[in-house]
Structure formats: C-alpha cells, structure tokens
Amino acid sequence: MRKGVCWLVFLLVLLLLPALALAEAQQKMNFTSDDDRLTLTEVVGAVDVEIPESVADRPVVAIGPRAFEGSPELISVVLPKTVVSIDPEAFAANLKLAKVEVDPANKRFRMDGDALVTIEGKLVWRPGGPAPEADPASVPAPEPTQQPTADGDETAAVLRALGDELLSATHAHLRAGNEIKKNDKGDELKGVQQLLNLLGDKLTVDGHVGGKSIKAMNDAQKALGLEPTQTLTQLGFETLLRAAYIAKDPEGARAFLGEKYGAEIDYIAAAAQNRRGNNFTAYKAFLELGDFKDSAERAQACKLKFPKNSQVYRNSQYKGGRSELRIKTSEDEGCATLVKVYTKADETHVASVFIKAKGSYTISLPAGDYIVKVGAGHTWFGPNEAFGIDFDESRYRRLTFEDTGTDVLTQKSRYRTTLTLGGATENNVGSQHEDPSAF
C-alpha cells in the first residue's frame, strides 16, 4: 500500500511539473529603456508579481500605463525601492488585485493600510476601489521616458564618468517629474549639494536644500552664464551635471562633447576654475577664448583687489599656539607679499598671510619646526594662485636661515620671531628660488 502511495505522489509530481513550467514560461515582463533606466510596460500571465530592482544592472524606476493588462488574474504585486513613478492607469485593468507591498526603503511610495499612496499621502491604488484615474486624489506621475532631457545618452555617459550614486539618485528623482525647491528635504536630494560641491562649493551633504544650497546654485548658474532659478528641474540639473563633468575632466569632455558644444566647453572649464578660486588659471583660459561671450570681461575680473593685511588661510588643525611669528615687508609701493607657513615634517600647509608693501602682520603658531615660502607681485589672483606664474614680475622664494644653515624656522614656546622681508633682518634670512607650482 505504501509503495502504491509513493508511486501515486510521483505521478502527480510528473503531471504538475509541465503545468508549473508552463505557468513560469507564460509569465513575462517587458521594459522600455531610457538613459539606462527601465520602465515596466507589460506583465503577461502573472498571478503574483515581484518587480525586480534592476535588470542587467539597469534600475527599474517606473511602471507604465496598464502595465498589468496582460495579467487579468493578478492578485499581488511587490514594488522595489527603485520605483519612483507609477502611471495612474497602471492597475486599471486588474480588478482582482488584492494586495500591494512596498519595499520599506522606497522613498516615493508607502502603504496606508491596504492602500498604496505616495509619501505625501496621495492615493495611487486601493483594493476594490475605482481606477486611480477616476480618483482626484491619485497622483499622475509621468513616465521618466516622457521627461525633457538635454540628451539621454549624453547624460547617462556623464553620470557614469562622474561615478557618484548621489548624483544618479537625484537625477532619477527629477526624471520622475519632480522639481526641487527651497527647504525640500530627502536622501534623494543629496546629489544637489554633491553636485554644487563639484562646482566649487563646500556645502554639507545632508539632503536639506536650504537657503545656502539655493544661493550656491544661483552662484553656480551665474558663473556658468545661466539664468538663476529658484527651483531645480531635470534639465537644469543635467546642465549643471555637464558643467561638473567638464570641470572634472576638460580633456575628456572636449573629446566627448567638443563637436556639439565647441568653445562652450572651454568657457565652462574656465568658469569652474574661477569658482574654485584658481583665478590665474581662469584668467589665462578666458583670455584664450577671445571675444567668446563675456570672456574678455571675465578675464579681467579674475584680477582681484588687494585685501587688507590679514591671515587669508588657517589650517584648523593648527589653531592657536604659544609662539608668535611677526612678518614685516619692505616691498615697493604697489607690490604685495603672500607668506605661506608649512610644517617641516610633512609640509602641511598651516597658514597664509597677505601683507601689502611696507606692512606687517603677526600670527601665533604651535612650537615646532616650519618652512616659510614667500610670493610677491603686483597683481593678486587670490590665495590659491597668489600672483600668477611668470606674470607681471611675480616671484616665489623659500626662506633660508643662517642660524640653522637650512630652510627650517624653529618656533619656541613663548618666543616671538620677526622676519623682515626685502631688507636687512635680525635673523640673517636668505632665500632660494621656489617653483611656483610648489608654492
């Protein structure tokens, strides 16, 4: 008897296997691709569907209209964290659908009891209810493939070149039909601050697009010759993405985008250097552009007014100290000096001091051994590039000290050292030429 039962079970399994294989074969999903992101457009022959996060390493970000029409017996759907857009007619043909689940990591949709809603609480679907398009509370989220874009393939390539997941997440958020405005918050917005930092800012990447972020965005837009805006759209984000790529890799950008954008690439590269404070580099680049846009005016704007005698840079790891370094200069009128102080051990930059002709300034330092470098010139391009290279009689030196016979300045606790540059000194200071690129 037991043997007969075993044979019966075996025969049942054999009979069921083709049916199971047929059911598996009959269930299929179709997608459309845009900018390496997928929209689910059709599910055929399914009863229970778990939508994948990605297919062939491309994220599934949207569900299209009547995507499940080919599955009239559909009962349940599981949404991944990557989906940020659902067409209001996505489930219109599925009256038997009884259950939807959402990955807890999804930042756009959630469950409210049995109902599928947006994060803001707008109804997308509910069991047994009317089709979402008939419900005024439903959210008409457009498909990413319908969103405006500068160039889908181009943007995808730029995102890959920049290689930053935060940028990709923000771009996906915008492609879902969203705009970003002041005081918006969310992890998917961190790419805004990350992008602005690539363009020369130093924002905290926390996903809160506050007043500082909007100001930084407007500054970047103006620097790039764009009209400042109070909201950030997909197209605006893609324009800034392209600028960040050009700033990161001008040569690669010229090879990839040069035929399309021409001199615009060199203009954006110069503007990016300008925003990063590399004003001499920007000055030369704008000059080479000649009469392209406002390049001539922007080249002259890279020349800055002399600041007051002050410490223009200080490493926060070397605050305070119990020794003093007083620096005096006897340079001719119209000439200024930038003094940079580095640690001897590893040449860590500790401080920079700007002093006009015949001026002086005193800073405090921790006791220790230092190297002192001095730049002088008549045209000021800012702390990063000082007086330029081989420009307007600019010169750079590394100080030497007879008491040690080396380039080491020893600062003792509770002592003051006075360096007089360009004339007689009380420390018997000499100097040697310093390569401007190492200044």
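Contact means that heavy atoms lie within 4.5 Å. The structure is a predicted model, in which local features need pLDDT of at least 70, side-chain atom pairs count only at pLDDT 80 or more, and totals for chains, interfaces and linings use all residues. Residues are numbered from 1 along each chain as its sequence is written, and side-chain values use heavy atoms, with hydrogens and water left out.

**Exercise 1.** Determine which residues of α6 meet which residues of α7.

*Solution.* Step 1: locate the helices, which are DSSP runs (H or I, at least four residues) numbered from the N terminus; α6 covers residues 234–248 and α7 covers residues 250–261.

Step 2: list the partners. From α6, the residues R242, Y245, I246, A247 and K248 meet P250, G252, A253, F256, L257 and Y261 of α7.

Step 3: sort the residues of this contact. They comprise 8 nonpolar, 1 polar and 2 charged (Ala, Val, Leu, Ile, Met, Phe, Trp, Tyr, Cys and Pro are nonpolar; Asp, Glu, Lys and Arg are charged; the others, Gly among them, are polar).

**Exercise 2.** Describe how the axes of α6 and α7 cross.

*Solution.* Step 1: two packed helices are described by the angle between their axes and the distance between the axes.

Step 2: the axes of α6 and α7 (lines fitted to C-alpha atoms over the stretch in contact, with angles from 0 to 180 degrees between N-to-C directions) come within 7 Å and cross at roughly 130°.

Step 3: α6 is therefore oblique to α7, since angles under 35 degrees count as roughly parallel, over 145 as roughly antiparallel, 65 to 115 as roughly perpendicular and the rest as oblique.

Methods:
Helices (H or I, at least four residues) and strands (E, at least two) are DSSP runs, numbered from the N terminus.
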